[in-house]
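The sequence and structure come just below, followed by the account.

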Amino acid sequence: MVNANMNSSLGRLRERWSDPLLTTLTVLLILMLFVFAPLQAVGIKLFQVLGFASALGLIGGLFLMSGSPTVVVALLAAFIMAGTAAVSRLSAPSVLDVYLFAGALLIMGVALAWVVARTVFAPGRVTHHRIIGAILVYLSIAVTFTALFTIVGLLVPMHFRGCRLKITQRWPAR
């Protein structure tokens, strides 16, 4: 009986907040990618704390949207991997922390794209939240491919060597 009440209240919360959560998660991911990460790279410790807080917000929002314990376990594993990478980077930087962080981004990107795409393309009215959610799906795919390219670049160091564009002039010079 208690489990049924919990599921029904969670279902009501999910129904009420799934669309606004798309906008909130998009803002969190944009802050993580374009504000917190660059300022962490510069070495400002406050933004490392803000990055972890926004990652916790992403985990909570995705759990509310999906209701799947599998998603929560995957995202908590990604959060632990990212936390371990951050602590490792502070004490003794190595290639292992880059692998851990790339793996965490890969898990987060796949889970985020899967859950958000299910919500965005669910039956119902197309709202501005769902349009913003489509942007979130796009950013999640970008995070996934960033992680994949990082892992490939670490495993095969010379893989991206020589990937320059050759620009040729097609118009006559003036």
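Are α3 and α4 roughly parallel or roughly antiparallel to each other? The axes of these two helices come within 8 Å and cross at roughly 155°. Angles over 145 degrees count as roughly antiparallel. The helices α3 and α4 are therefore roughly antiparallel to each other.

**Overall make-up**

The model is predicted. Its secondary structure comes to five helices and zero strands, and the pattern along the sequence is α-α-α-α-α. The protein has 174 residues, of which 34% are buried. Contacts between residues at least 6 apart in sequence can be sorted by separation: 69% of them join residues at least 24 apart.

Helix α3 covers residues 69–91. Its 23 residues reach 33 Å from the first C-alpha to the last, close to the 33 Å expected at 1.5 Å a residue. The buried residues of α3 are V71, V72, L75, A78, A82, G83, A85, A86 and S88. What covers them includes α2 (45–66) and α4.

The crossing of α3 and α4 is left-handed. On the α3 side, the contact is made by V71, A74, L75, A78, M81, A82, T84, A85, S88 and R89. On the α4 side, it is made by D97, L100, F101, G103, A104, I107, M108, A111, W114 and V115. By class, the residues of this contact divide into 15 nonpolar, three polar and two charged.

Leaving out residues up to four places away in sequence, A82 touches F52, F101 and A104. A82 and A55 are 27 residues apart along the chain, and their C-alpha atoms are separated by 9.6 Å.

**Helix α5 and its contact with α4**

Helix α4 spans residues 95–120 and helix α5 spans residues 128–155. They pack at an angle of about 155°, with their axes 8 Å apart. That angle makes α4 roughly antiparallel to α5. Their crossing is left-handed. The contact of α4 with α5 has 23 nonpolar, seven polar and one charged residues.

Helix α5 has 28 residues. From its first C-alpha to its last it reaches 41 Å, close to the 40 Å expected at 1.5 Å a residue. The buried residues of α5 are H129, R130, G133, L136, V137, L139, S140, V143, T144 and A147.

I151 lies in helix α5. Not counting residues up to four places away in sequence, I151 touches A102, G103 and L106. The C-alpha atoms of I151 and Y99 are separated by 6.7 Å, although the two residues are 52 apart along the chain.

**Helix α2 and its contact with α4**

How many charged residues does the contact of α2 with α4 have? The two helices pack at an angle of about 40°, with their axes 10 Å apart. That makes α2 oblique to α4. The crossing is left-handed. In this contact, L58, L62, M65 and S66 of α2 meet M108, L112, V115, V116 and T119 of α4. By class, the contact has seven nonpolar, two polar and no charged residues.

G61 is placed in helix α2. With a relative accessibility of 7%, G61 counts as buried. Leaving aside neighbours within four places in sequence, G61 is in contact with L21 and L25. G61 and T24 are 37 residues apart in sequence, and 8.4 Å separates them in space, C-alpha to C-alpha.

**The helix pairs in a table**

Two packed helices are described by the angle between their axes and the distance between the axes. The table lists these values for the pairs discussed above.

| Helix pair | Angle | Axis distance |
|---|---|---|
| α3 and α4 | roughly 155° | within 8 Å |
| α4 and α5 | about 155° | 8 Å |
| α2 and α4 | about 40° | 10 Å |

Note on methods
Residues numbered from 1 in each chain as written. Predicted model: local features only at pLDDT ≥ 70, side-chain atom pairs only at ≥ 80, totals over all residues. Heavy atoms only, no water. Axes fitted to C-alpha atoms, helices over the stretch in contact; angles between N-to-C directions. Helix = DSSP H or I, 4+ residues; strand = E, 2+ residues; numbered from the N terminus. Parallel < 35°, antiparallel > 145°, perpendicular 65-115°, else oblique. Left-handed = near helix turned anticlockwise from the far one by under 90°. Nonpolar A, V, L, I, M, F, W, Y, C, P; charged D, E, K, R; others polar. Expected span 1.5 Å × (residues − 1). Buried < 20%, exposed > 50% of the residue type's maximum accessible area, 1.4 Å probe, protein only. Contact = heavy atoms within 4.5 Å.
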